[in-house]
Amino acid sequence: DWSSDVCSPIWEVTSKIDMEGDVNLAIRGILWGRAAREGVMSPLVGIGFGRYNDIGRQFSGLPYVVYPVVRSSVNSGSDFTAHNSILHMFAELGFIGLAILFALLRAVWKKFTLSEQSGMSRGVWENTGKAAMLCVLYMSVTQHSFGAPIYGMTLMFLIGIAYSQCRR
């Protein structure tokens, strides 16, 4: 199984090379490639929610169509995310998961856009909500921002407050 040792060489190299941006970007490139490859193995439904970092996985189904994990044993200590939320979600949830995510994002964005016609205070919350959504999406390119507490949870909380203020 290629996934059991795919990332261990990445971390071995980091101790030998200067830890500047080039190495960090190279590691992310490898992780992005891994996520894309896992997503392509099961593009419709992905490998399963929370299964990206599991070692000892056993898949079931038809590869390159629907090929989710049916059993896994342990988490890998070598890499926890794809460091790209969109690729990570594609690997775990496939195109169906991405479609649901974008439908939810669109619905929230639409609510913020509709609230622009209201008063000044609602307009402030509308802009705050949009800005927080754009931050999460922008950070999702190089981080797992939907799941990282420092990014996603704080901004998601702010988006929730803005959304509730725009619903009034």
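**Buried charges, nonpolar cores and a surface patch**

Glutamate 38 has a relative accessibility of 1% and therefore counts as buried, a class defined by under 20% relative accessible area, with exposed meaning over 50% and partly exposed the range in between (1.4 Å probe, protein chains only). The structure is a predicted model, in which local features need pLDDT of at least 70 and side-chain atom pairs count only at pLDDT 80 or more, while totals for chains, interfaces and linings use all residues. Residues are numbered from 1 along each chain as its sequence is written, and side-chain values use heavy atoms, with hydrogens and water left out.

Side chains of opposite charge can pair when their charged atoms come close. A salt bridge is taken here as a side-chain nitrogen of Lys or Arg within 4 Å of a carboxyl oxygen of Asp or Glu, and three salt bridges are found by this rule. Glutamate 38 forms one of them with arginine 34, at 3.1 Å from N to O. Both residues belong to helix 2 (residues 21-41), where they stand four residues apart, about one turn of the helix; helices (H or I, at least four residues) and strands (E, at least two) are DSSP runs, numbered from the N terminus. Arginine 34 is buried, as is glutamate 38.

Glutamate 38 also meets the side chain of arginine 57 in a salt bridge of 2.9 Å, N to O. Arginine 57 lies in the loop between strand 1 (54-55) and strand 2 (58-59), whereas glutamate 38 lies in helix 2, so this pair ties together parts that are 19 residues apart in sequence. With a relative accessibility of 6%, arginine 57 counts as buried. A further salt bridge joins lysine 130 to glutamate 126, at 3.0 Å from N to O. These two residues are placed in helix 4, four residues apart, about one turn of the helix, and both lysine 130 and glutamate 126 are buried. Through shared partners, salt bridges link Arg34, Glu38 and Arg57 into one network.

A nonpolar core is a set of buried Ala, Val, Leu, Ile, Met, Phe, Trp, Tyr and Cys residues joined through side-chain atoms within 4.5 Å. The largest such core contains 14 residues, of which Met89, Phe112, Val136, Phe146, Leu155 and Ile159 touch the most other members. At least two residues of this core come from each of helix 3 (85-114), helix 4 (120-139) and helix 5 (149-167). Helix 3 gives the most, with five residues. Another core, of five residues, lies apart from it and includes Met41, Phe59, Tyr67 and Val69.

Phenylalanine 146 is located in the loop between helix 4 and helix 5 and, at 15% relative accessibility, counts as buried. Neighbours within four places in sequence being left aside, phenylalanine 146 is in contact (heavy atoms within 4.5 Å) with residues including Ser85, Met89, Leu101, Val136 and Met156. The C-alpha atom of phenylalanine 146 is separated by 9.4 Å from that of asparagine 84, although the two residues are 62 residues apart along the chain.

No disulfide, defined as a pair of cysteine sulfur atoms within 2.5 Å, is found in a search of the whole structure. Cysteine 135 counts as partly exposed, at 38% relative accessibility, whereas cysteine 166 counts as buried, at 2%.
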